Protein chains: 2
Amino acid sequence: MEQQRRVAVIGAGAVGSYYGARLAEAGRDVTFLMRRDLEAVRARGLRVESPDGDLHLEAPRVAASSAEIGPVDWVVCALKATAIDAVPKLVGPCIGPATRILVLMNGLGLEERFGAWFGRERVFGGLAFTCINRGDPGVVHHLDYGPVNIGHLLDDPAELAEAASLWADAKVVVTTAPSLLRARWEKLCWNIPFNGLCVAAGGITTDRVMADPALRDAARAAMEDVVAAGNADLEAVGAATRIDGPTLIERMLALTETMGTYRPSTMIDFVEGRPMEVDAIFGAPIERAHALGVATPSMSLLGALVRVLDGSRIASEPG
Amino acid sequence: MEQQRRVAVIGAGAVGSYYGARLAEAGRDVTFLMRRDLEAVRARGLRVESPDGDLHLEAPRVAASSAEIGPVDWVVCALKATAIDAVPKLVGPCIGPATRILVLMNGLGLEERFGAWFGRERVFGGLAFTCINRGDPGVVHHLDYGPVNIGHLLDDPAELAEAASLWADAKVVVTTAPSLLRARWEKLCWNIPFNGLCVAAGGITTDRVMADPALRDAARAAMEDVVAAGNADLEAVGAATRIDGPTLIERMLALTETMGTYRPSTMIDFVEGRPMEVDAIFGAPIERAHALGVATPSMSLLGALVRVLDGSRIASEPG
């Protein structure tokens, strides 16, 4: 029997708590770095309500600081992308010579940041397609979906197999992406139009976008921008692969049709008055498109609007 | 001395009251169709505060119905574009065999509607570039600008001279447009980006757009869409003239730089919770572009967002 892998979940909000709980359920030795829910979880454990099976970890390992956790085999970093600058401090103490890092966050370019801090060979990106909300302290509501697509910053197939094995027996559908960069752009092909439109239209759900021919056309136009930028980026880095735009766009529209009154993460942040993940989801892709000379009018317009709406909210917060 | 021309101002909100008062000041025989301000104006007259000179009409002619006014030489129709369907009822009683109509309203295609109702040869479009707000009942605040560019639905030069003569001695800078259709598209080249962005970004002023490189780029992209659609429209109707896009766009950006914290009319409607002129400013141009096969991603996206934001507000109004 192989040695049990130690995992640190950094950023144990809804997403981190959910996936960390699934790893613990599958037998990994998981420690959660917690802030808001720390005392509640110490007192009553961590509860997950999920269509894939409820779960109650009665006494999960929790920590209030990364130093308490120390070096582990795997860091699962599920911070909000807006907290990216806190990564060296929050993740650093958990890194040993053989530690691998799964960046379970939204947006483009985050793995490169981790790579610069900790070494590219140990960095993976996790693309979660899911709907998870926090409930009362110590309670997580997993509402729907849940697959995670994992890529490696150097696209090393052996490393991808290693990452997949972390999730052995976990109640999570894990796939591996031969090209992390392509996977990131493909996910943005959904996030940019739908997170963007749902915010800029005042905080609406995805079904409203799908039901309005003009918004749906706008979503498609933004997707085409993302595909054009993504393929230019793949070409620029010498990748052999490309996004199959027409197929991807039709698949994403068809998928969104099935999603009902889905609230994209950025839209939830917007209506709840929290900072939105503007740089990672919009800023970095727009910047890359710009640097590559790709015209992306719809993507750029949505990004510009979301950034202003984000700034207005922060500026109008009390204190 | 020529016979004094009788003028009916239909839709005496801020814009109608202001320009009607300037015509009365210049000696035209003006009657104002009023609703909200009727009693106040009967009691205390109509007061205009303006950098071009304050003005107080002590006892202007006012009417509560168009039938009271009856046929006139000129109708100046300054209704909100959202009230277009009320035009036959509100304007019709003022139309005699020789009546001319100045459509002093925002947007594309309104003159065609008037032409279908009353005859194309008598219809003019007035493009007001101004900032006027209502104050207390009977008081209008003219804040800045004020020129009116007038075109004729059939582009008849003799009719344009007739329209200009209406404004003789009035404290309004009036120019005439050899092509009404081109003038409308050129004005949309400002209204679509700036009214659209100022609404979709949550209710901001034009200086915020100009100061944000991403929003400014988005404004330029929307302008390019409008120019492309406008020139395709001019070509489709066999017009000999075209919009000089690069020159117009630079001129409009430079002009907007001088405007400070300007609030476009649609943005004022938005923040004050009133219906926005979506069909006239966005819907009609987008529809024409679509029919002509011109791709207008930025214009279409802004129009789609403004329409949803308009619908949300109306739906959320009490009662």
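How much area do chain B and chain A bury between them? The structure above is a predicted model, so every value here is computed from its atoms. In that model, chain B and chain A bury about 1,500 Å² between them, and 77% of this area is on carbon and sulfur atoms. The size of an interface is often given as the accessible area lost when the parts come together.

Let us look at who takes part. The contact draws on 19 residues from chain B and 19 residues from chain A. On the chain B side, B:Leu301, B:Leu305 and B:Val308 supply 35% of the area that chain B buries against chain A, more than any other three residues.

What about charged pairs? Side chains of opposite charge can pair when their charged atoms come close. Across the interface of chain B and chain A, however, the rule finds zero salt bridges. Over all chains, by contrast, the count comes to 40 salt bridges. One salt bridge to look for joins the side chains of A:Arg61 and A:Asp29, with a distance of 2.7 Å from N to O. A:Arg61 lies in strand β5 (residues 61-63) of chain A and A:Asp29 in strand β2 (residues 29-33) of chain A, so this pair ties together parts that are 32 residues apart in sequence.

Now turn to the helices of chain A, starting with helix α7 (residues 180-200). At what angle does α7(A) cross helix α9 (residues 213-236) of chain A? Their axes come within 9 Å and cross at roughly 155°, which means that α7(A) is roughly antiparallel to α9(A). The crossing of these two helices, α7(A) and α9(A), is right-handed. Residues of α7(A) in the contact include A:Leu181, A:Trp185, A:Leu188 and A:Ile192, while those of α9(A) include A:Ala218, A:Ala222, A:Met223 and A:Val226. Taken together, the residues of the contact of α7(A) with α9(A) divide into 17 nonpolar, one polar and two charged.

Helix α7(A) has another partner to visit, helix α12 (residues 278-291) of chain A. Here the axes come within 10 Å and cross at roughly 115°, and the crossing of α7(A) and α12(A) is left-handed. From α7(A), residues such as A:Leu181, A:Trp185, A:Leu188 and A:Asn191 meet residues of α12(A), among them A:Ile281, A:Phe282 and A:Arg288. The residues of this contact of α7(A) with α12(A) divide into eight nonpolar, three polar and one charged. A:Leu181, A:Trp185, A:Leu188 and A:Ile192 are listed in the contacts of α7(A) with both α9(A) and α12(A).

Let us move over to chain B. Helix α7 (residues 180-200) of chain B and helix α12 (residues 278-291) of chain B pack at an angle of about 115°, with their axes 10 Å apart. Helix α7(B) passes α12(B) in a left-handed crossing. Among the residues making this contact are B:Trp185 and B:Asn195 of α7(B) and B:Phe282 and B:Pro285 of α12(B). The contact of α7(B) with α12(B) divides into eight nonpolar residues, three polar and one charged.

Finally, here is a detail of the backbone. Which strand holds A:Tyr145? A:Tyr145 is found in strand β9 (residues 139-152) of chain A, and A:Tyr145 has a positive phi of about 60° although it is not a glycine. In chain B, B:Tyr145 has its place in strand β9 (residues 139-152). Phi of B:Tyr145 is near 60°, a positive value in a residue other than glycine.

Conventions: Residues numbered from 1 in each chain as written. Chains lettered and ligands numbered in written order. Predicted model: local features only at pLDDT ≥ 70, side-chain atom pairs only at ≥ 80, totals over all residues. Heavy atoms only, no water. Axes fitted to C-alpha atoms, helices over the stretch in contact; angles between N-to-C directions. Helix = DSSP H or I, 4+ residues; strand = E, 2+ residues; numbered from the N terminus. Parallel < 35°, antiparallel > 145°, perpendicular 65-115°, else oblique. Left-handed = near helix turned anticlockwise from the far one by under 90°. Contact = heavy atoms within 4.5 Å. Nonpolar A, V, L, I, M, F, W, Y, C, P; charged D, E, K, R; others polar. Buried area = accessible area lost by both parts, 1.4 Å probe. Salt bridge = Lys/Arg side-chain N within 4 Å of Asp/Glu carboxyl O.
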